[in-house]
Amino acid sequence: MKPAADSCASMDALLLDYAYGELEGASRREIEEHVALCPRCRSALMEVAQTRHAMAALTAEPAPEAGLESLLAYASQAAEQRKAAAPTASFWRWLVPAVSLASVAAVGIVFIARPSHDQMSLPVPAMVA
Ligand SMILES: [Zn+2]
């Protein structure tokens, strides 16, 4: 019986962990049973294994000094650009409290200007002579 496509999708996430020996117990057995029945996932697992084998043949190279220097220069340049953009940030720092204060003032004006409920509903007594 061929496994469902959605089970293959859930296996994709685990195949790499399995290939690196990082799966144990039920997850490991689930992968092994699935790969035994599924040509697609068996092929994917073989590709991962071949890639691992090819990568293992490469020797580790130390990072070049020039790379580190250019990275530090880039970080320094980015910090300078951020410092130059600071006036925009201070504008936003003042805008938010100003808008908040204006909103509170507008609400206060509406409440003060609105006639109270008691004054509107009480009838003025008529003086009949
Ligand atoms: Zn599969």
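What pattern does the protein chain follow when read along the sequence? The pattern is α-α-α-α-α-α.

## Model and confidence

This is a predicted model, in which local features need pLDDT of at least 70 and side-chain atom pairs count only at pLDDT 80 or more, while totals for chains, interfaces and linings use all residues. Residues are numbered from 1 along each chain as its sequence is written.

The average pLDDT of the protein chain is 80, and 77% of the residues score at least 70; pLDDT is the predictor's confidence in each residue, from 0 to 100.

## Overall architecture

The protein chain contains 6 helices and 0 strands. Helices (H or I, at least four residues) and strands (E, at least two) are DSSP runs, numbered from the N terminus.

Of the 129 residues in the protein chain, 5% are buried. A residue is buried if 20 or more other C-beta atoms lie within 10 Å of its own, exposed if 12 or fewer, and partly exposed in between, with C-beta atoms placed from the backbone. Among contacts between residues at least 6 apart in sequence, 56% join residues at least 24 apart; a contact requires C-beta atoms, placed from the backbone, within 7 Å.

## The largest nonpolar core

The largest nonpolar core has 6 residues: Met-11, Leu-15, Tyr-18, Val-35, Cys-41 and Leu-45. Such a core is a set of buried Ala, Val, Leu, Ile, Met, Phe, Trp, Tyr and Cys residues joined through C-beta atoms within 7 Å. Helix 1 (5–19) and helix 3 (39–56) are the elements that give two or more residues to this core, and the largest share, 3 residues, comes from helix 1.

Val-35, a core member, lies in helix 2. Val-35 counts as buried because 20 C-beta neighbours fall inside 10 Å. Leaving aside residues up to four places away in sequence, Val-35 touches Cys-41, Arg-42 and Leu-45.

## Exposed regions

Tyr-20 occupies the loop between helix 1 and helix 2. Tyr-20 is exposed because it has 10 other C-beta atoms within 10 Å. The C-alpha atoms of Tyr-20 and Arg-52 are separated by 8.6 Å, although the two residues are 32 residues apart along the chain.

Helix 4 is hardly covered, with 0 buried residues among its 20. The end C-alpha atoms of helix 4 (residues 65–84) are 29 Å apart, which agrees with the 28 Å that its 20 residues should span at 1.5 Å a residue; the expected span is 1.5 Å times one less than the number of residues.

Note on methods. Two residues are in contact if their C-beta atoms, placed from the backbone, lie within 7 Å.
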